[in-house]
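Hello,

Here is the structure I promised to pass on. Please have a look at it first, and then read my notes below.

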Amino acid sequence: MNAPVLSVRDLKVEFPTRRGTLTAVDGVSFDIMPGEVLGVVGESGAGKSLTGTAIIGLIEPPGRIAGGELRLAGARIDHLSHQAMRRIRGKRIGMVFQDPLTSLNPLYRIGDQLIETITAHVSLSGAAARRRALALLSEVGIPAPETRIHNYPYQFSGGMRQRVVLALALAAEPELIIADEPTTALDVSVQAQIIALLRKLCRQRGAAVMLITHDMGVIAETADRVAVMYAGRIVEIGPLHDVIKSPLHPYTKGLVGSIPTLDFDNDRLVQIPGAMPRLTAIPGGCPFHPRCAAVFARCVVERPELKPEGRSRVACWLYHDAPAEAVQ
Amino acid sequence: MHEPLASAERLSARLRRWWDSDIAWSYRHSPVAIAASAVALILVLAAVFAPWVAPHNPFDASTLNLMEGFSPPGEPSPVTGRVFLFGTDNQGRDVASAILYGSRVSLTVGFASVAFSVALGVMLGLVSGYLGGRLDGLIMRIADIQLSFPAILIALLVFGVARGLIEPAYHEQAAIGVLIVAIGLSHWAQYARTVRGSTLVERNKDYVLAARVMGRSSFAIMRQHVLPNVIGPVLVIATINLALAIIEEATLSFLGVGVPPTQPSLGTLIRVGQQFLFSGEWWILFYPALALILLALSINLIGDWLRDALNPKLR
Amino acid sequence: MTAAPLVRVENLSRTFDVSKPWLNRMTEGLPRRLLVAAENVTFSIDRRETFALVGESGSGKSTVARMTVGLIAPTGGDVVIDGVSMTDRRQAAEQRRLRRRIQMVFQDPYASLNPRWRALDIVAEPIRAFHLADTRAETAAKVGEALTLVGLDPADGGKYPHEFSGGQRQRIAIARALASRPEFIVCDEPTSALDVSVQAQTLNLMRDLQDQFGLAYLFISHNLAVVRHMASRIGVMYLGRLVEIAAAKALFYAPQHPYTRMLLDAVPDLTPSGRQRRPVEGEVPNPVDPPPGCAFHPRCRYATARCRAELPQLIHTPAGAVACHAVAEGRI
């Protein structure tokens with residue numbers, strides 16, 4: 001059986017402030033297999049972006065990884081030095097961020113940026129690197145790459161820029177791509193193209209993808225498995241269709257129900273009362289309990305852990321409310 | 001109705017919120033800010049209450065005794081036996097009292113000129129940034145011209161022009177006013193530039209558009225919506241400029257074109273004291289200069305703290 | 001509907017001059033560059049109706065919204081609200097009176113509230129500006145009413161915007177829009193910046209308020225699914241022109257213009273319903289340099305030589321109106 005490309009165990013990210021220490025990511029665990037697309041979905045404040053940032057080692061102080069293990073193909077990466085992490089970033093983990101405007105350096109031609117990335121991680125001659133860059137550009141669908149390789153970022157449209165960013169991320173043939181809201185800043189018609197492209201390229205290369213987004217629709221088009229995050233924790237994780245068609249956790253149910261669709265069946269959108277709690281005021285027990293319609297006594301005092309239920313895992317007392325749980 | 005009780009509760013709630021705010025916390029945890037503001041407060045209060053605090057009014061000729069002149073600090077005068085804390089100058093004036101009264105003038109000119117340049121600069125910056133167009137171009141070109149001259153030169157220029165325009169009989173009375181305008185005019189461009197930049201950013205924001213949809217006039221929007229959001233950096237610049245204005249006034253007075261001799265400021269005292277520095281009566285220069293340094297330094301340090309406290313990135 | 005429409009937008013156009021400064025043009029011999037943000041846009045909105053304008057970036061929908069509300073002056077055409085022309089200078093007095101009845105809700109809940117004002121002052125601004133209350137107590141009462149209407153606690157009126165969440169701020173913006181009891185509200189992507197669950201709350205709230213107060217909405221959005229829940233009629237814009245107008249059901253069941261079909265195809269499918277999806281091609285071109293003829297032709301699979309040369313006009317069909325040669329010729 002394959003070993004996971006990325007293995008996260010009990011990740012905790014904290015921010016010390018003068019009002020006390022805020023825990024933004026609280027005990028997150030998941031695996032990503034080679035070639036798999038894991039969608040991490042959640043609303044703002046859920047901690048999904050921070051999880052991605054922690055994995056690539058770019059948490060800005062005073063924030064810090066306060067606990068847990070991160071393993072890339074079996075080897076730990078959470079305690080590496082800056083230098084070592086830099087070598088991994090780009091070569092073994094590629095990143096795609098939300099804003100293509102700021103992901104590319106406006107002062108350099110995209111060809112130079114591509115070639116620089118390639119030669120930094122793969123030992124190729126200048127000419128070979130250039131050929132590789134041209135091949136990448138045409139793979140991501142940039143027309144006439146021989147001319148466009150000399151262009152500056154401002155000469156590209158938003159969607160084209162994001163394609164270049166994809167090319168940059170794939171340049172060194174990484175094992176894992178972390179994409180944080182890769183399509184949010186793009187037009188709707190372009191979103192679909194970029195998502196399809198991401199899926200195709202990663203399938204071809206066997207690269208795993210961690211797709212972080214708040215847009216369930218994007219996840220539904222791309223992901224194999226979905227992790228739903230709430231208040232810094234994963235509340236449900238499982239195969240895509242299971243989570244969307246038959247969500248287990250009340251939050252997931254509410255989330256899926258509140259997404260407007262093109263069907264005319266439901267006229268009024270399902271709404272979850274209240275809002276995601278702020279980091280300074282996360283409720284005790286299950287963090288979702290103040291907003292949950294199915295809340296009972298245990299939810300208020302004890303925090304549920306992720307436990308298997310069918311093909312998914314869910315952190316909810318509705319499913320695991322047996323007093324004597326066998327310890328694994 | 002429960003109005004008075006409710007408003008008292010609201011006030012204490014607001015005070016508590018202010019005490020908990022980031023700025024108040026930053027102040028409480030900055031020893032430099034606390035020390036500097038303590039020093040500045042003492043100096044300012046002493047100057048404000050000079051007539052009651054000072055041993056005597058050194059500029060009232062009837063209280064002076066020439067025989068007490070050049071009395072060293074802390075030692076009894078050879079003739080009358082009175083002891084002066086900081087000594088006396090050539091005319092028998094108690095240096096300590098002179099500093100207190102002199103600070104009054106320095107601080108008045110300092111605060112007033114800063115207030116003048118802030119008012120002028122902020123107003124022009126707002127109008128320039130919000131209305132744009134040729135008015136903006138005109139104001140900014142004038143600001144550019146003004147910024148290319150050293151402040152002292154502009155102050156001298158204004159002073160000279162005023163001297164020419166005002167009848168000699170009124171020179172003394174008008175001197176302080178002219179000085180305030182002169183120093184004020186040499187600094188407004190900074191505020192105008194800063195405020196214009198911030199205004200350009202704010203005027204495209206949705207809350208300004210919302211006010212425009214309501215049909216509010218440009219002046220109402222500038223005053224009520226834009227101004228509170230652009231005034232922050234102005235406070236920092238103003239605090240630091242206060243120290244500069246006080247020193248500028250001292251410089252002008254030192255050069256002889258500032259305050260008239262009947263209303264000496266710290267600068268005048270320094271000029272007077274300079275003459276006697278090398279003949280042994282060092283205290284006539286030393287103590288007024290020390291007062292000026294302490295005043296300017298403490299205000300400057302408060303300005304530094306304020307700038308860091310208001311900078312969201314450093315928090 | 002025999003009553004006259006509340007809002008009539010007629011041939012509304014707006015062109016921006018984005019030429020380089022005169023000096024550069026003289027020395028470099030460059031021509032003037034004009035950006036046609038909107039051209040000949042015509043639609044009407046009845047009372048109590050929601051009309052949606054849909055399009056991607058560069059479509060001009062935001063420009064049209066701002067012209068409707070009077071923030072930008074049109075370079076052509078007119079906006080007539082309840083019989084009063086918004087561009088006619090002679091009607092200045094009536095236009096001023098009209099302002100109370102028109103309001104706008106913006107996209108960014110973080111930028112649409114003045115960060116230095118308290119919530120109650122923000123909501124009270126229209127009340128004070130239009131002199132709708134005589135005493136402070138009356139103003140406070142009306143503000144309290146407005147806040148309660150949107151589901152907020154009047155006691156929170158003393159707080160500043162940064163103390164509220166994004167969804168709550170948008171509610172304050174809606175409360176501000178309601179404070180003057182308007183009849184027509186222009187909503188520019190009001191939920192695009194909100195989380196999905198908060199979006200649901202906000203959209204439900206807006207519908208409830210519409211029912212309660214008989215409001216007419218001009219709803220701008222790029223999200224067709226959201227528009228489906230809000231609008232009774234929809235206009236699709238592409239590069240400044242209206243390419244299709246239809247009733248909501250007709251648009252979603254039988255879209256006519258190729259761009260509308262493409263937009264519908266691009267909406268992600270949560271539950272694979274077996275809907276036939278065609279791959280999307282190309283991107284929105286630069287509005288400064290639009291393609292000749294029909295602006296959509298580079299991305300259209302039905303384009304012919306006529307499409308590349310001739311601009312299609314809006315023709316009326318049983319379903320609504322479409323600007324497409326292929327539809328006019330009966331090819332699709």
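A residue is called buried here if 20 or more other C-beta atoms, placed from the backbone, lie within 10 Å of its own, exposed if 12 or fewer do, and partly exposed in between. By that rule, 42% of the 315 residues of chain B are buried.

A word on the source: this is a predicted model, in which local features need pLDDT of at least 70 and side-chain atom pairs count only at pLDDT 80 or more, while totals for chains, interfaces and linings use all residues. Residues are numbered from 1 along each chain as its sequence is written, and chains are lettered from A in the order in which they are written.

Chain B has 13 helices and 0 strands (DSSP runs numbered from the N terminus: helices are H or I with at least four residues, strands E with at least two). Its C-alpha trace spans about 80 × 55 × 40 Å along the principal axes.

Now to where chains A and C meet: 32 residues of chain A are in contact with 30 residues of chain C (C-beta atoms, placed from the backbone, within 7 Å). On the chain A side, two or more residues come from each of helix 8 (188–205), helix 9 (216–222), helix 10 (240–245) and helix 11 (250–257). Helix 8 of chain A gives the largest share, 6 residues. By class, this side has 15 nonpolar, 12 polar and 5 charged residues (nonpolar: Ala, Val, Leu, Ile, Met, Phe, Trp, Tyr, Cys and Pro; charged: Asp, Glu, Lys and Arg; polar: the others, Gly among them).

Enjoy exploring!

Terms used:
Two residues are in contact if their C-beta atoms, placed from the backbone, lie within 7 Å.
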